[in-house]
Amino acid sequence: MDQTFQVDLRGIVDLLSHHLYSSPRVYVRELLQNAVDAITARRSANPDAPGAIWVETGPGRLVVHDTGVGLTEPQVHELLATIGRSSKRDEIGFARGEFLGQFGIGLLSAFLVADEVQVVTRPAAGGPTTKWIGYADGRYRVASVPSERDEPGTTVTLTARRGAEQWFEAPTVAELARLFGALLPYEVRVDGKPVTSDGAPWDGTGSDRRAALVGYAQDMLGFTPFDVVELKSPEAGLVGVAYVLPFPANPAERVTHRVYLKRMLLAENAEGLLPDWAFFVRCVVDTSQLRPTANREALYDDDLLESTREALGAQLRGWLVRLGTTAPRRLADFLAIHHLGVKALALHDDELLQLVDRWLPVETNVGRMTLVEYRERYGEIRYVASTEEFRQLAAVAAAQDLAIVNGGYTYDSEIIERLPRLDPNIEVARLDPTELATRFDTLDPGDELALRGFLSTAQQALDPVGCEVTVRAFDPPSLPAMYLVDRSAAFAAELRATRDRADALWSQVLGALDQPADTRPQLVLNHRSPLVRRMTTLDHPQLITLAVEGLYGQALLLGYHPIRPADAALLNRSFLGLIDQAVPEENP
């Protein structure tokens, strides 16, 4: 036998009114929304019907009047005393696609600030005036009161609950009414003063339109935009603008926007309207088709929102492409501010990849230039994937007439790797540091033979740290030594360092991954350096050891390489040893 759920009405009212909404301030929005829906319903049958909402404040009391369609007594029971039933709204004319309210629970927000809500309503179709009084404990009363309202429409009266009186103060009510209802198509007054504006900023035409859009950003968002991009999505019934920020934005922060639903403010900080890469704009839009969440404080993430997000993203992308075609200097100014956003988009969009390739400068060891300019001068793009590698190799590579791009900045390496998608003839190669050694000059056989003893002593000095010593001739002569390590050796070294710091379990796991590297790191001594040439003439093994250890430590530091405990001990020993050699002992 089927049973009926037992519902604690007081608990339902408390749950919806105190936990559905984020703040008591939304009660003003919900009252305005109900009034707007009532006027819209009346005008659908009678376009000449009056459309006005006026609010009266008083000590601990708020009254909202509208000239809407009004309700009959049966409709009062269906709409005001039945939670969660929306079908009856459609039957009496509140079609879901045309009205703000979609959940039939907006009046419950009044219980955030009031223990008693009184509704006096007279139907436009004729009939007696009905009074409904609801209480926060779930009780309500309904009675016919023909004398309390002469004209069609509805009057809602709230009596403040103890502790909520501040929400009924005239300045607070006026501010909230202006916040939520400034763009409503009907006149709204609070204590006789209008709070509605002349229209949305995008409603204007002619030469004043852009000035109005910029002025809105200055007044409501607090900045003068770099540019204004108008947005439209017929599918979502959406119109509005995207304001390009005049300052860098943090791509890690969630981007929020000001969203209106049928001219009523839905949220000041709505998320998910644009793709994540579009963090360089803030939007103000009005939509008639996107669905709000149950508390009407955010957008419901459904297929329509997803397609709208893609459509708006395409419009922003089109603006960027047009800027590159029609105003390259303006584009350069934009990229100087928002290069991260454009690069993020270029990872997935070939049109923006072309824009970045042509207009966005990158850092190279021969100066800043675009990737197009680099290819015109040097052909194949050679890059390093980290800023540390670039610092290590930039000067030496330039001295060998090798141009390299610093791919260590956010997205740069990924963008460079994607360039062959634009043109298969574009050649891209990541530079391995050990490749530089192949560009260094070898020594004469006689010089190499003379250095055998020196190299033997030097190699013994660096065997404990797993480094191979070689001598080559390269520019600049002012650089006595370079520490070079290929990527496989660098990975193996990092793996071992992590294993040494890990606990026993992870140390075993990492140990299983450790494979011997094909090559050891190299300390390449520069035979063109006067210091190195003097070192090779030393006949004192201890001095050779200290000098080589000192150059090893300096090469690590200059190349921004990590210093292991063994490296630190070696560097400390060589430093103290050289000082000891430099400072003579006192005579007895």
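**Entry: a strand pair.** I am working from a predicted model. I began with strand S10, residues 238-244, and strand S13, residues 281-287. They run antiparallel and share 6 bridges. I then looked up Gly240 and found Val285 of S13 as its bridge partner.

**Entry: the whole sheet.** I traced the sheet around this pair. It is open and has 5 strands, in the order S9-S10-S13-S11-S12. The pairing is mixed. Which are the edge strands? I found S9 (227-233) at one edge and S12 (264-270) at the other, each pairing on one side only.

Entry: Next I asked what packs here. Helix H7, residues 303-326, packs on the sheet and touches S9, S10 and S13. I read an angle of about 145° between the direction of H7 and that of S9.

**Entry: helix H11.** I moved on to residues 387-399, which form H11. I counted 13 residues in this helix. From first C-alpha to last it reaches 19 Å, close to the 18 Å expected at 1.5 Å a residue. Where does H11 bend? I found a bend of about 45° at Leu393.

Leu393 is also one of the buried residues of H11. I listed others, among them Phe390, Val396 and Ala397. Glu389 and Gln392 are buried too. What do the buried residues of H11 pack against? I found four strands: S16 (381-384), S17 (405-406), S18 (428-430) and S20 (481-484).

Last, I checked what follows H11. Asp401 comes after the helix and has a positive phi, near 60°.

Conventions
Residues are numbered from 1 along each chain as its sequence is written. This is a predicted model: local features need pLDDT of at least 70, side-chain atom pairs count only at pLDDT 80 or more; totals for chains, interfaces and linings use all residues. Side-chain values use heavy atoms; hydrogens and water are left out. Two strands pair if DSSP finds at least two bridges between them. Helices (H or I, at least four residues) and strands (E, at least two) are DSSP runs, numbered from the N terminus. Contact means heavy atoms within 4.5 Å. Axes are lines fitted to C-alpha atoms, for helices over the stretch in contact, and angles run from 0 to 180 degrees between N-to-C directions. The expected span of a helix is 1.5 Å times one less than its number of residues. The bend at a residue is the angle between axes fitted to the seven residues ending there and the seven starting there. Buried means under 20% relative accessible area, exposed over 50%, partly exposed in between (1.4 Å probe, protein chains only).
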